[in-house]
Structures are given as C-alpha cells and as structure tokens.
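Here are my notes for you to read alongside the model. Have it open and follow the points in order.

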Amino acid sequence: MDIPWWRDAVVYEIYVRSFADASGDGVGDLAGVRERIPYLRRLGVDAIWLTPFYLSPMADGGYDVADYRGVDPLFGTLADFDALVAEAHGHGLKVLVDVVPNHSSSEHPWFQAALRGEGRDRYLFRDTINNWQSTFGGPAWTQTPDGQWYLHLFAPAQPDFNWRNPEVHAEFLDVLRFWLDKGVDGFRIDVAMGLYKAEGLPDVGDQSFKSVSPVWGQPEVHGVYRDWRKVLDGYPGERMAVGEVWTDSAEDLALYVRPDELHQSFNFAWLQAPWSPTAFKKVIDDTLASVPYATWVLSNHDVVRHRTRYGTADPGTGLARARAALLTMLALPGSAYLYQGEELGLPEVTDLPDEARQDPVFVQSEGKLPGRDGCRVPLPWSAESPSYGFSPPGVRPWLPQPSSFAELTAEKQEGDADSTLEFYRRALACRRELAGDIPYTLEWLDSPEGALFFSRGPLICAINCGTEAVRLPAHDTVLLSSAPVQAGTLPPDTAVWLRRES
C-alpha cells in the first residue's frame, strides 16, 4: 500500500518573524528561512510549516491578513517565497503555509468596503449583539460609526467572515489554488473549527472550545473542507491540509479527518497532558482509537514551551522531561510537529518587559494575561551580539532575547554530543532508519509504577515519569536515550528506545 508522505512526517513550524532575519531590520523573513534550509535538512525534518507572511498590519502577528495572495514587505516578496519553495524542495523538504479563513484584517479591502456600507454580508454585522466574548479578552463585538456592530472572536482588528455568504467560499477556494499553483505541499488551517457560527448567534454560558457550541464546531464547516479536499486532490504530489481544531473529545476531532475532508488535525490533548504515564496513555489510546492518522505536538507559537511547562520550578527537570517527551512522541504512530527552537532546548521567556510585549492577549487583558510573546522570542543562532545571530551584527531583534540564550545557541550546541540539538538530530535520524521496520500499530507492555512501556514491532519505547529508577523491559539493544541509561535501569524523567530481535 502506498503511504502518503505526510502520514509519518516530521514537520517543523517556523514562526517567520522569529526564525532568522536576513534583511537586517530585526524581524525574521523569508530570505532568512531560505538561508537556514540546510540546517533544517540536517536536523532531519521532512517538511516546514510557515506561519503567515501575508500583507498584514500585524495586530496579531500576521494572523490578521489584509491580502491573502501577497507577501508583506516585512517578510520579503513573492519572488522570495518562490526562491524559498525551490530551495526547500531542492533539499527534499515539503512546504506548508498557514491559511486564515475564520477572519481577515480590518484593513482587508472587503472590510474597508463594509465600513463604507458595501458588501457587509461578507462579515457578521448586527444591529444588536449577544454576550459572546473575544478569545483575547473583552467583548467580541465592536461598534461602527453608523451604529452597527461586527463580530470578532479574536482582536477587534480581526473581523470574522460570514461563511454563509457564497463569496467567502469562492474567495478561499481561489486562495488555495493560488498557493498550490506556486508549489506549496499543504496548508495549516487556523481556527479550523470556527468558520460557521450558529444561526441566530444565541447567547452562550460557556464559550470554551467545546464539541457542541454556538460559537465553535458547527456542522456546516465540514462542507467547506469537503470542497477544499476536492481542490487538494486535483493537484499532483499528495497535497494535504492539517486543521487547528480545538475540541474536548477525540471523537469530535475525528469528524474533521474523514476520507473526504482534512488529512490531519492537530492533537492538542497530547501537549495538554500533565507529566503522568496515566495521562499520556489515555491520550494515546483515545487518539489511536479515533483518528486514522494521528498527529503529535508538544509546543507551538500559541502555548508555553514544553520545557517550561514540564519544570517551572526547576529548569533542569524541565529540560530532562522535554527530551524524554520528545523521544516518546517520535516513537508513536503518526506524524510529529516540532516548534522552532525546541531542538535547542529553549525555555519560555517569562520576564519580557511589558513595553516590549506585542501580543493582543497581553494588550486586551491590560496585562492580566502574559500572552504568547514568551514562546515567540527570536532564535539564538550564534554568539554574535546583540541578537545572537538572529539579525546581522549590531541589529536588535523585535523582541529582546534573555542572556541565558547565550548558552543555547545553535553554534554552541553544534558537535556537542550532550546537547539538545545533537540529541534531536540523533532521534530524527534513528526514527528515519526504523521507518521501514515498525508497523503503524502499538502494543502496551507491562509497566512498573510511574512508567509507560510500549512496542511497535521491534522498537520498544520506555518513559519513566516517576521519582525512582525502574528496570528496563527485555531487549537486545539500546538505540537511544534522552539521558544516560546504566545497569539495565531507567532513571526518572528519562525515555529510551530499545530494540528486540525476536
């Protein structure tokens, strides 16, 4: 049976603003990404996912799109994009781009026309409003000078589209074709469960990401993705789409990845799970029982980096657990999505000065919520100051980097066998070598208290989440471990890959 490339792929998320700055303005750009393609190829990933680089006022880091078919000058040009795709493909990497269909920028020509009273049905304008709240804080409605209100489930500068208007459908089908014609291999769909709202926009008591809600997960959204799937299937090369679907059940998640809809959906239950073998096992069981093709992710541009989540009080513990979780994730059936900088062991930056923060979550909450800037701090590449090689010498990046990044640069970790970077390279290389030997099925093994053991054919993965060392399961060879394994025991906060020949 032919296996699609994305089923077992390792995809590396690039938050373009914070990856690499080639232009020297302190902001990451497409040319900077292109320069680092050899680094990503050597890391061992199969694909890259680019966060929005479209024309945008940057009210929400580019997720407020003013032109879905252009490149913001902050990030380069369409020619830069074409060169990046060619470079990535030349190194055997697939390219995914973000598409943002729930809302546009308030600077989008359609919304500017709507403010003039033209084509308002493309958005959700109302004379009276309900009790819905913005995900970023405060009311989800803003009043226009003529007295009407428009809906924005996120920032006021991100008005929600009205997906009951056929013009919106047609527009996004054309947007997909535009980027597919430019050679992209797939799309990550922002707020994929959000497009439709319940008829009548009724008040809600609970607006969290639930399976059944007037705000999220309306059944009509599946028709959109069936139409999108037809477009994707009409192009060669197994083009694909993965949805950002927040839901409270694996069963609801599975509705988005039926054979005629999306190829994949993010499995956020994995990154939400606490450091617990019981919690990990439940997420794995629920996921593999519900979706045909699983995805796994530990960090992204919207959540606290997992090194910090796993060890807030003790950075050493956090890093040990982050490495163990990575090894466990890579042993699971399905694809893995990495977030830039996790291969360097970067922590969340929790002490950014208030005046430097730009995330609308921080701004709209008036500082009550820290926002997401802490996981978006520009990457440290080398010892060069003041940006650790992110920008050319002498240029300060758009967010300040902590002094602790000096010990975590890619340059410093290069060739150091104990570094997180080299550990990631070994893990991804070993995963690739094993690919032809292990089935897309998982078998649980008897596990001591505090630990979790499973096998996939000859591969055994063991993780110890407890406080005491445990005996390793029977095996022939130790392939890779997240920390030293000696005398047949697995230390706390450590994972290991073993091979058995029979």
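1. The largest cavity has a volume of about 80 Å³. A cavity here is a set of points on a 1 Å grid over the protein atoms alone where a 1.4 Å probe fits but cannot get out, and its volume is the space filled by probe spheres set on the points, which are joined across faces, edges and corners. Keep in mind that this is a predicted model, where local features need pLDDT of at least 70 and side-chain atom pairs 80 or more, while totals for chains, interfaces and linings use all residues. Residues are numbered from 1 along each chain, and side-chain values use heavy atoms, without hydrogens and water.

2. Which helix gives the largest share of that lining? It's α11, with 3 residues; α10 (306–310) and α14 (420–434) each supply at least two. Helices are DSSP runs of H or I with at least four residues, and strands are runs of E with at least two, numbered from the N terminus. Lining residues, with an atom within 4 Å of a point, include R305, H306 and Y424.

3. The second largest cavity holds about 60 Å³. Among its lining residues are E13, W49 and S299, and S299 also lines the largest cavity.

4. Now look at strand β14 (residues 459–464): 6 of its 6 residues are buried (under 20% relative accessible area, 1.4 Å probe, protein chains only). L459, C461 and I463 point one way, and I460, A462 and N464 the other.

5. β14 runs antiparallel to β13, joined by 6 bridges, and pairs with β18 in the antiparallel sense over 6 bridges; pairing takes at least two DSSP bridges. N464 partners A451 in β13 and T494 in β18.

Notes: Buried means under 20% relative accessible area, exposed over 50%, partly exposed in between (1.4 Å probe, protein chains only). On a 1 Å grid over the protein atoms alone, a cavity is a set of points where a 1.4 Å probe fits but cannot get out, and a pocket is an open set with protein on both sides within 12 Å along at least five of seven lines; lining residues have an atom within 4 Å of a point.
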